[in-house]
Amino acid sequence: MREDVQFEDVLEGLRLHDRGYDEAFLRSIYEFSRQTHGDQVRRSGRPYFTHPLHVAFILAHLGFDETCVAVGLLHDVLEDTLAERQAVADKFGEEIAQLVDGVTKIGRHSYVRRDQAQAETFRKLILASAKDIRVILVKLADRLHNMQTLEHMPVESRRRIARETLEIYAPIAHRLGMSKVQGDLQDLAFYHLHPQEFGELRNQIQQKVKHGRQAIDKIRTHLVSLLTDAGIEAEISFRVKRFYSIYQKMRRQGIDPSQLYDYIAFRIVTPSVRDCYACLGVVHQAWRPVPGRFKDYIAMPKPNLYQSLHTTLVSPSGEPFEVQIRTKEMDLIAEDGIAAHWRYKEGDAEPTETDQSFSWLRQLLEWQKDVQDPRTFLNSLKIDLYPDEVYIFTPKGDVFSFPRGATPLDFAYKIHTDLGHHCVGARINGKLESLRSELKNGDIVEIVTNPSRFPSRDWLSFVATSRAKTKIRQWLNTEQKQRAIEIGKRLVERELKKHKVGIKRFLDSDSLVEYLTAEGIARPEDLFASVGYGKISVRHMLNRVLTSDELETVGQEPGPLRRAVTKILPFGSDAIAVKGQSDLLAYLAKCCSPLPGEPIVGYITRGRGVSVHSVECTNVQNLLYNQEREIEVEWARQGDEVYPVVLVIETEDHPGMLARLTEVMAKHNSNIRQIEAETIETGRGLIEVVVEVQNRKHLERLRQSIRAVPGVFAVGRRRGPGSKTDQETG
């Protein structure tokens, strides 16, 4: 990353890519942004304006247009300065103001959780990008520069931003075919999430390249000779694969760097598609290809329009290496993606129906209309962005791409919603298979339906696409709400009967209208639904609606069940308060074991009260497909309670390590309930310990002290059975 970027460097980038521009116009934007940001400084201590200048520099050198660069210079003025949107529109035009507004985050208020604000921001970003793709391009450049300067942020913020980059921004760059930006984002996130592993891997790969340089040059020389003899004109180069890509492969295969061989990829760029296939024949004759490792992305391009032939070969010494073969045009698209194959039309930056690379954005725009909850939208977006894909055929020969792990249900919902709702099975390559069958590349799928069959909640556990999940949730929500309305109405009628009040009189009362208005409830049916879900207490509601003459005694003291459970679970009910309710039992979910200080959310269970989860819990993300069953909860008090937490510590395997760790825990007044240690590989040990902590801050202080112990590689918190470990490296 260049530290000394100047305005002239931005113009140079536009010139390099033959982009026309109005220097006076861009300079006026540059001066406006610089003056508006004024004396603001970044955490590094450098002037804040260096950030938008770097963003504009990145956009110009990626080959994007003048408007894109202008928005890069202005992208933070609405969010971080006193500048108003109208002022930007008056000075530089409505188009630029609209783009800057699209990039601007949604403000986070004190009563809005971080995850809700983040989800709303991404929803706004995707909607704006579907209208003008330059919104997401500016956001990618913004995130890239922020990642390049992330070392100045606090550790917790660095990890959160790095995770978000891996989950959202790097996959978006992949979808747009911007492989260099994707690789940079992934490697930077890898460095900040796992600095020790990153450093070790980088050193080992550099040593491998250094020691294998002679063999690499020999293969390249042989390639040149072979293609020359065959009369094929070609440019031949090689590159070391990205560190994060190598790291992911090592984790998938359970190997270490010493067992890694195909870390080098040779690239052959030819003038024509015919030459590509001719090259493939030449290299397959010269070296033995690895079975199952050939991919033809020319005949079957990726959704981001990436095209190339990939094959893995074995050298005479027995080490595999990869060869990628493509045309010059394909190479430009592979490297620069959108900048290489799509140019903005005058006055129209909206993707057209023929722009295949934006089909995923149009799909997002379509299904997001049916998703009301922004967090559901964000979770679905993460699923949709993952790049591994399979290609499936209809019996008529139409082809559709799906994420790896997709099932016949995903296929059915892709074709039509009703086809999915009534799906009972599928014929895959002519053979009848179950709905859970995983589709494979090249499968021919025919859906079998039954008009009396309808979705079940179980379907959500195995479908892979956001469209299928959204359609299933919609159907379940409608069905569950209807049942909840019926149950709620019966409960209200039964309680009204005790007070000798008829349901018609209750529904026609002015006091009910006042109650519904005050609570923001649109219709009596919605009130019945909330009662049916257990979200509203009947007694609490009637105490506010019925008159004193009608109301005999509708107490609001905690019921006998709540009092009994309070005695059994001392921190299960009193430590948590359900907002607006006094008679609902709340208990901490064991799957994520939230601690005081962590953001939490409540889920109304059937007959067991309110289950309280961490907002980051993967289980609650699946549970809250029905928004009606979500309820606001908060930490009610901070007492002397302690909470068990499972820590997983990876260390060097040598005497005295366990003693040093228990000493650290004792100094932090953390009682040890249980501890187990084992050797997982030569020189490495794994320690799992259950300790008691008072809150999140107590836990973080303990983890920092453990990480500081010499010989500790990583400290993770295990949330519960089947959950992932939240790992931090030392």
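Visitor: What does the side chain of N695 reach at 2.8 Å?

Guide: In this predicted model, the side chain of N695 comes to 2.8 Å from the backbone nitrogen of H698, and the side chain of N695 also reaches the backbone nitrogen of K697, at 3.2 Å.

Visitor: And where is N695 found?

Guide: N695 sits in the loop between β20 (684-693) and α30 (696-707).

Visitor: Buried or exposed, that N695?

Guide: N695 is buried, since its relative accessible area is 17% and the cut-off for buried is under 20%.

Visitor: Stepping back, how many helices and strands does the protein have?

Guide: The secondary structure comes to 30 helices and 22 strands. Of the 730 residues in the protein, 50% are buried, and among contacts between residues at least 6 apart in sequence, 65% join residues at least 24 apart.

Visitor: Which residues of α2 are buried?

Guide: The buried residues of α2 are L26, I29, Y30, F32, S33 and H37. Viewed down the axis of α2, these buried residues fall within an arc of 165°, so they line one face of the helix.

Visitor: Why would residues three or four places apart point the same way?

Guide: An α-helix has 3.6 residues a turn, so residues at that spacing, three or four places apart, point the same way.

Visitor: What is on the other side of α2, and what do the buried residues pack against?

Guide: On the other side of α2, A24 and Q35 are exposed. The buried residues of α2 pack against several helices, among them α1 (7-16), α3 (50-62) and α7 (94-103).

Visitor: What about F238 and F266, what sort of aromatic pair do they form?

Guide: F238 and F266 form a tilted pair, 6.0 Å centre to centre with 50° between the planes. F238 lies in strand β1 (residues 235-240) and F266 in strand β2 (residues 264-270), so the pair ties together parts that are 28 residues apart in sequence. F238 is partly exposed, with a relative accessible area of 23%, and F266 counts as buried at 1% relative accessibility.

Visitor: Which residues do ring pairs link into a cluster?

Guide: Ring pairs link F190, Y191, F198, F243, Y244 and Y247 into a cluster.

Visitor: And which residues lie over the face of a ring?

Guide: K302 lies over the face of Y297, at 4.8 Å from the ring centre, and R684 lies over the face of F713, at 4.0 Å from the ring centre.

Visitor: Where is T149, and how far is it from R43?

Guide: T149 is in the loop between α9 (134-148) and α10 (155-175), and at 14% relative accessibility T149 counts as buried. The C-alpha atoms of T149 and R43 are separated by 9.3 Å, although the two residues are 106 residues apart along the chain.

Visitor: Last one, what is phi of N429, and of N669?

Guide: Phi of N429 is near 55°, a positive value in a residue other than glycine, and phi of N669 is likewise positive, near 55°. N429 is found in the loop between β9 (423-428) and β10 (431-433), whereas N669 lies in the loop between α29 (657-667) and β19 (672-681) and counts as exposed at 69% relative accessibility.

Notes
Residues numbered from 1 in each chain as written. Predicted model: local features only at pLDDT ≥ 70, side-chain atom pairs only at ≥ 80, totals over all residues. Heavy atoms only, no water. Buried < 20%, exposed > 50% of the residue type's maximum accessible area, 1.4 Å probe, protein only. Helix = DSSP H or I, 4+ residues; strand = E, 2+ residues; numbered from the N terminus. Arc of directions from axis to C-beta. Contact = heavy atoms within 4.5 Å. Phe/Tyr/Trp six-rings, centres within 6.5 Å; stacked < 30°, edge-to-face > 60°. Lys NZ or Arg CZ within 6 Å of the ring centre and 35° of its normal. Polar contact = N/O pair within 3.5 Å; in protein donor to acceptor, adjacent residues only side chain to side chain.
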